[in-house]
Amino acid sequence: MTSTAGTATEIRPFHVDVAEEKLTDLRRRIAATQWPEKETVADQSQGVPLATMQELARHWGTEYDWRKCEAKLNALPQFITEIDGLDIHFIHARSQHEDALPVIVNHGWPGSVIEQLKIIGPLTDPTAYGASAADAFHVVIPSMPGYGFSGKPTSTGWGPEHMGRAWAELMTRLGYTRYVAQGGDWGAFVIDQMGLQAPEGLLAIHTNMPCTVPGEVDKAAMAGDPPPAGLSAEERRA
């Protein structure tokens, strides 16, 4: 992986180039897996079946083409910038429609920006997918700290609240004065914090994992207690 050197706040181009010896070593270690005994049941009550795990390992060890994925990433504009002492990697795909609305998209755990590659085209170039130019977005997809090509924190403190502030700084650094934010899974918690922090320029958030649980239900669930009284049949089932 390469990026050009620069000042802490500078946005530097980034290129993925994993050494072949690293890929060879990874395949060797996958092939050298010491497998446990086969489960004693015919279902999944004892966990994921051994055959399933062996098939998964075989796929990653002999079939998966990292170079194809690498090429997809390198076909997109990728950058690195330092925020609060940590290198943050991100994809920044601008739409050809200048009036496009900027959006920052957050991946989940244990995921990466690769999850979002398929949405870049429809969001940046909606007219090619049968939609209107008014539906266009400038797309920013950062790698969370410790994930993908972002730096790894060396101390505590990089929770959702910190990431929310960092993403607001990133959008400001990119020159966006108005934007929206989207997140799912772990990224949804970051988006929640951005909504609470309400940084200048953030117009709205969109989450595909809204976690709203009444306090008394959450307390009972955490303690292993029975559900609170007064819940409907549907609420009790949930």
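Guide: The second largest pocket has a volume of about 250 Å³. This is a predicted model, where local features need pLDDT of at least 70, side-chain atom pairs count only at pLDDT 80 or more, and totals for chains, interfaces and linings use all residues. Residues are numbered from 1 along each chain as its sequence is written, and side-chain values use heavy atoms, with hydrogens and water left out.

Visitor: What counts as a pocket?
Guide: On a 1 Å grid over the protein atoms alone, a pocket is an open set of points where a 1.4 Å probe fits, with protein on both sides within 12 Å along at least five of seven lines; lining residues have an atom within 4 Å of a point. Grid points are joined across faces, edges and corners, and the volume is the space filled by probe spheres set on the points.

Visitor: Which residues line the second largest pocket?
Guide: Among them are Pro-214, Val-217, Leu-231 and Arg-236. Helix H7 (215-223) gives the largest share, three residues, and both H7 and helix H8 (233-237) supply at least two. Helices here are DSSP runs (H or I, at least four residues), numbered from the N terminus.

Visitor: How does its lining divide by class?
Guide: Into nine nonpolar, no polar and three charged residues. Ala, Val, Leu, Ile, Met, Phe, Trp, Tyr, Cys and Pro count as nonpolar, Asp, Glu, Lys and Arg as charged, and the others, Gly among them, as polar.

Visitor: And how much space lies in the largest pocket?
Guide: About 360 Å³. Of its 14 lining residues, those closest to the centre are Leu-23, Leu-26, Trp-60, Tyr-64 and Trp-66. Helix H1 (residues 20-31) brings the largest share, five residues.
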